[in-house]
Amino acid sequence: MQSIERLKEIDRRWAERWSRERVFEADPDQRKKVFVTFPFPYMNGPLHLGHAFTSTRVDVYARFKRMQGYNVLFPWAWHLTGEPIAGAAERVKRGDEAQLRIFREVDGVPEEELEKFTDPEYIARYYIREAKKVLHELGHSIDWRREFTTTSLNPAFSRFIEWQYLTLKERGYVSKGTHPVVWCPHDASPTGDHDRLSGEGVSPTKFVLLKFPFEDAYLVAATLRPETIYGVTNMWLNPEATYARVRVDGEVWIVSTQAVPKLKEQKEGVESEGELSGAELIGRHCTDPVSGRKVLILPASFVDPDSATGVVMSVPSHAPYDYVALKELQQKPEVAERYGVRREELLGIEPISLIETPGYGEHPAIEVCEQMGIETQDDPRLEEATERVYRDEFYKGVLRENTGRYAGMRVEEAKDRLVADFTEQGIADVMYELMEEVVCRCGTRCLVKILKDQWFLKYSDEGWKAKVREALANMRILPEEARASFENTIEWLEDKACARKGGLGTPLPWDPEWKVETLSDSTVYMAFYTIAKHVNQGRVNGEKLSREVFDYIFYGKGSPEELAEACGTSAEVLEEMRREFLYWMPVDLRNSAKELIPNHLTFFVFHHVALFEPELWPRAIAVNGMISIEGHKMSKKAGNFITVRRALEEYGASVTRCALMYASEGMRDPDWSAKRAMDMSSSLSSFFRLVEELVDRKEWREEERNIDRWLRSRVQRHVREATMSLEEMRTRSALQAALFDFHNDMRWYLRRDVPHRETCMHALRVWVRLLAPFAPALCEECWSMLGGEGFVSTAAWPEFREEELSPEAEAGEELVMQTYEDVQSIISVTRMKPSRIFIYTAPEWKWRVLEEVQRQERREFSEIMQRLMQQPELRERGGEVAKVLQEMLKAEPKDVLRVRELEVLSEAAEFFRRAFEAEVSVYSAEDAERYDPQNRSARAMPLKPAIYIEK
């Protein structure tokens, strides 16, 4: 623990110094720029390890590029838009114990502060204040002059959002229309992803309603596969559920009672006319609206009355769930008989095939269930079976003759036509449903509402999508595997509500009863970063930033002289703001979690292409996984939640940063582990102690040896690997090279020989700089100890020098390592205490055999032997050569560098003597004076010396 406390003290001290000396403030100059951003965090709670993981990736990259000589801007802001903060304040007012417990026990809010949490603005200010301290301590290299908050709490930002939406509307990207939206009944407002307690990413799903005549009403089944009506064998109802008769457009529908409020939000004039139990409907019949067949109603507990209409049509030939349920019921007909179902009618139900799919027989659902061994409705593999059948039938299936006019059509093509025909005939209707539960931040469960006269972003517009595809094609996506997710999102993205009536936000300038919602004011605010410092410094009046002023800054329209007076500034300031915008834009890297690809990150691209010219479109997007804690999903409710403050208090910044960066890279989900954090603490402490020891060291070797050439070469390999990895945002790989691989090489170097001062100090200066983006404060301390000039944070990144690579030196040192391991292995097996060790290197003629093997691609014994026998010296050793050649051909082919084995091992002899506490002699197998009582030298092969040990 003492070492952790020392690391924490170093972290705090250097964070203070960076802040005091304003190291990370960035202004335009003559250098190339790099502009990096992290999605501003939502301030309804403290920053947690998820924020730390993603933002530290951004900071590592920012620090890396800064050290490469770029002018780097890493700004920060705070997101307050939407319902979460207002919802939390409302729950505090109501005395909601669950909310209060989270504030007290998870967020650590003091009681005297909690009393003020009935005010949403106070909640925001409290968490911003605490979060800024945390980011300061975490060591993020942020230019705080550009800090801002969203919503009307910041007039300048609200003027910017007004400009954004007036411009989008003018260009045809915002329109008024009727669309299904996720709706909070309590707030009477659409609920965006960031306004939800749960259900982020869930969108309305369109169900087709098929109306089966039933006495004086219709039993209305909801389905995603309307074409399968031609294979209906029965209907499923939940006997424990309550169903309702509701009047819809002059018809009486029978649906679950849970479906009624959903229908009322989606259709006009829906009226309830009474209720009836599911049990009393079982055993009766409805009519197939297409064929006129009578269809038996059967009981099924798996039917969820809260899903769509709570009425399910059964197609056992093509739906694994239906097949298994029907099979189980037919095996226990007495269950259905209790509801008045006649046994003979139940047992007489047989699957009806309607789709022919390559690779399947007549009944795909039955076939797949039998192949997978699925016997019961409880089998979790039913989901996989269903997905497999549905996918293959949709993309490959062709409708059979029993589907009438649609026979011979591919399912993929027939579906829309069939729905249109059925709707025209009065057989079908539509309903929207949420496939997962969505809960608003106010605590209310959401449903789908068909919203009229609502403002939408026209994400479905093909012209807009074409520009987004163009931008994506010219953009780096890191990792590249994430590109497909962006492409898929662009394809399926539909119009999206951009405003809501509740919560915090900027009013729509042309319809102020609506406020721009949380995912709609977080798309191009990067442009605002470029000018925010001028607003914060009071050089321009934020409240007077008109649309015309923004048009000048972003588009160069208008006269700065004419605009200046209206916004309380000078023409020179406006010109400077425009120059700064043009200098920093476009965004060079935006990094966020992969879960934001279907919304925020894709919207980010949409809005940039709508508002700016191609030269200002984003250049790169990086994505990462979602963090878990000790193998479990991070959750406040479950108590599995770690704030950044807590991590810093326990481990400090250097350990927290490195533990996070080593947890994962690419799309893989990182996992935070206390044990791995402690392991990282040990590794960093070991690194620091090693630097201290070498700085204080008095004994040095004068002459340079092979081991020094080896270390210089290895240093360059680590420089190359760390650099290439950071360019691709592979932070774990970069840290592996910069910390662990480098450390291993340094330990070997120091173990091998008395160090050479110049070589050692060169390695340390490189090592400290490679590690600086990850553990910046600790590396500042080391840089200072090494006498480095200025801050390591602004020191030059080590350049890869190919001329310092020495494959020969590395091969030689690998020979030393292998020889050491071989001697160690012999001692371990024989359990002897050696007094003398003899090492024999391969004779020259064996090297010539090996080189001939390497020259031949085919590695045919006869061909190579024929060539070798053309050399007189080898011909004299014909039998020996053949034996050696056979042995070499058995080995795995690989390129082998010729190593001066005798010289290298002789130089390492002192190391072997110390390591094994024995006399060590190194001979060439060709040395006539060698000591070799058991002729072990005959076994020596290139890079595989023979060894003889005496007790």
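This is a predicted model: local features need pLDDT of at least 70, side-chain atom pairs count only at pLDDT 80 or more; totals for chains, interfaces and linings use all residues.
Residues are numbered from 1 along each chain as its sequence is written, and side-chain values use heavy atoms, with hydrogens and water left out.

Let me begin with strand E13, which covers residues 294-299; helices (H or I, at least four residues) and strands (E, at least two) are DSSP runs, numbered from the N terminus. Five of the six residues of E13 are buried, so this strand is largely enclosed by the rest of the structure, where buried means under 20% relative accessible area, exposed means over 50%, and partly exposed is in between, with a 1.4 Å probe and protein chains only. Strand E8 (residues 234-237) runs parallel to E13 and is joined to E13 by four bridges, and here Trp236 stands opposite Leu298; two strands count as paired if DSSP finds at least two bridges between them. Strand E12 (residues 285-287) runs antiparallel to E13, with three bridges, and His285 stands opposite Leu296. The hairpin of E12 and E13 has six residues between the strands, and Gly292 takes a positive phi near 80 degrees there.

Next, the sheet with the order E31-E30-E32, which is open, has three strands and shows mixed pairing. Its edge strands are E31 (919-924) and E32 (946-950), each of which pairs on one side only. Neighbouring strands of this sheet are turned by 15 degrees against each other on average, direction ignored. Strand E30 (residues 836-841) and E32 are antiparallel and joined by five bridges, with Ile839 standing opposite Ile947 of E32.

Which helices accompany this sheet? Helix H29 (residues 807-830) lies across E30 and E32 and runs at about 40 degrees to E32, while helix H35 (residues 909-916) packs on the sheet, touching E30 and E31, with its direction at about 145 degrees to that of E31. For these angles, axes are lines fitted to C-alpha atoms, for helices over the stretch in contact, and the values run from 0 to 180 degrees between N-to-C directions.

H29 also packs with helix H26 (residues 731-752), at an angle of about 75 degrees and with the axes 13 Å apart. That makes H26 roughly perpendicular to H29, given that angles under 35 degrees count as roughly parallel, over 145 as roughly antiparallel, 65 to 115 as roughly perpendicular and the rest as oblique. On the H26 side the contact (heavy atoms within 4.5 Å) is made by Trp748, Arg751 and Arg752, and on the H29 side by Glu813, Val816, Met817 and Tyr820.

A further helix pair is H14 (residues 382-396) and H15 (residues 411-424), whose axes come within 6 Å and cross at roughly 85 degrees. These two helices are therefore also roughly perpendicular to each other, and the residues in contact are Glu393, Phe394 and Tyr395 of H14 with Val411, Glu412 and Lys415 of H15.

Is Asp671 buried or exposed? Its relative accessible area is 18%, so Asp671 counts as buried. The Asp671 side chain reaches the backbone nitrogen of Gly631 at 2.6 Å and makes a polar contact of 2.8 Å with the side chain of Arg676; a polar contact is a pair of N or O atoms within 3.5 Å, where, within protein, one must be able to donate a hydrogen and the other to accept it, and residues adjacent in sequence count only if both atoms are side-chain atoms.

The second residue is Asn591, in strand E25 (residues 589-593), and Asn591 counts as buried because its relative accessibility is 0%. Its side chain and that of Asn624 are joined by a polar contact of 2.7 Å. Leaving aside neighbours within four places in sequence, the residues in contact with Asn591 include Thr37, Phe38, Arg57, Val623 and Met729. Ala620 is 29 residues away from Asn591 in sequence, with 8.6 Å between them in space, C-alpha to C-alpha.
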